[in-house]
Amino acid sequence: MALDLQATLNFITVLFAFLSAVFGIIAVNALFKNKLKLLFSDEKFFIFFFLIAGYAVFALGELTWYLIYRVFEAAPAAGMPDFYWVTGAFFMLISFTALSSMLYRSYGQMHQLLPLVAFGSLLLILVSFYVYAAGSGGAEDSSVFLRYFYPLTTSLILISSANLFLFYRYLGPIEVNLMPLFFANIGFLGGDLLYAYWNVSGFLGILAQIFYVLAYGISAFAFFTLLVKFYLHSSGKELLR
């Protein structure tokens with residue numbers, strides 16, 4: 001029964017990842033079609049292009065992992081899925097960091113930053129100790145980097161995305177639609193932490209998969225609502241102003 005549940009969760013995860021990738025790709029095309037010349041001259045265009053693209057690429061990693069898992073009936077080692085995940089994570093981190101910088105430059109004060117820095121530092125320390133403990137039983141050298149990379153990078157993404165709540169009243173019509181991504185990032189972090197210790201087996205492995213289901217489902221929802229807002233509006237460029 002546990003295997004049936006795991007297979008069901010894998011399928012739901014890849015379905016939501018597929019929807020997240022599709023909605024993300026459509027959103028990039030809808031928002032930035034014929035406007036790529038603004039990518040490096042307009043800060044908001046840069047942020048949103050790489051943020052949406054990051055989540056879409058990240059979702060492609062899940063799709064690739066699932067296809068390999070179905071073909072070979074075993075969890076794939078480091079390879080093509082990790083290329084998509086690592087690339088997508090870098091895009092997401094760069095974009096949220098740039099968005100946070102823009103918000104602080106425009107509206108922020110130091111007293112707003114200090115609690116987030118304190119929380120973020122504590123979170124990174126706890127995650128580092130957790131991952132170290134998770135790998136204390138021994139692991140292949142090739143997996144050590146990725147075992148640390150995913151939880152720590154996801155933690156940084158979560159910390160950066162928390163600024164969406166700190167500056168909620170200053171967010172524009174599109175930035176507001178990004179707020180669900182904070183909760184998606186919680187899902188990604190929860191899944192990464194459990195997966196680092198339990199892989200895809202056992203009860204906590206199933207719980208990790210549930211976190212991923214929620215993360216990709218929320219991401220798909222965020223991009224779908226973004227598309228609805230765009231198509232109800234005359235100009236995506238105006239929405240970014």
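How much accessible surface does the chain have, and what share of it belongs to carbon and sulfur atoms? The accessible surface comes to about 12,200 Å², and 72% of it belongs to carbon and sulfur atoms. Such areas come from the Shrake-Rupley method with a 1.4 Å probe, and for residues only the protein chains shown count as cover.

This is a predicted model, in which local features need pLDDT of at least 70 and side-chain atom pairs count only at pLDDT 80 or more, while totals for chains, interfaces and linings use all residues. Residues are numbered from 1 along each chain as its sequence is written, and side-chain values use heavy atoms, with hydrogens and water left out.

The chain has nine helices and zero strands. Helices (H or I, at least four residues) and strands (E, at least two) are DSSP runs, numbered from the N terminus. Of the 241 residues, 51% are buried. Buried means under 20% relative accessible area, exposed over 50%, and partly exposed in between (1.4 Å probe, protein chains only). Contact means heavy atoms within 4.5 Å. Among contacts between residues at least 6 apart in sequence, 77% join residues at least 24 apart.

Helix α3 covers residues 80-107 and contains D82. D82 is buried yet has no salt bridge, that is, a side-chain nitrogen of Lys or Arg within 4 Å of a carboxyl oxygen of Asp or Glu. The nearest side chain of opposite charge, R147, is 12 Å away; here Lys and Arg count as positive and Asp and Glu as negative, while His and the chain ends are not counted. The side chain of D82 does make a polar contact with the side chain of Y150, at 2.5 Å. A polar contact is a pair of N or O atoms within 3.5 Å; within protein, one must be able to donate a hydrogen and the other to accept it, and residues adjacent in sequence count only if both atoms are side-chain atoms.

S95 is also found in helix α3. S95 counts as buried because its relative accessibility is 1%. Its side chain reaches the backbone nitrogen of L51 at 2.9 Å. Leaving aside neighbours within four places in sequence, S95 is in contact with I47, F50 and L51.

F230 lies in helix α8 (residues 202-231). With a relative accessible area of 12%, F230 is buried. F230 and A27 are 203 residues apart along the chain, yet their C-alpha atoms are separated by 8.4 Å.

I186 belongs to helix α7 (residues 180-198). I186 has 36% relative accessibility, so it counts as partly exposed.
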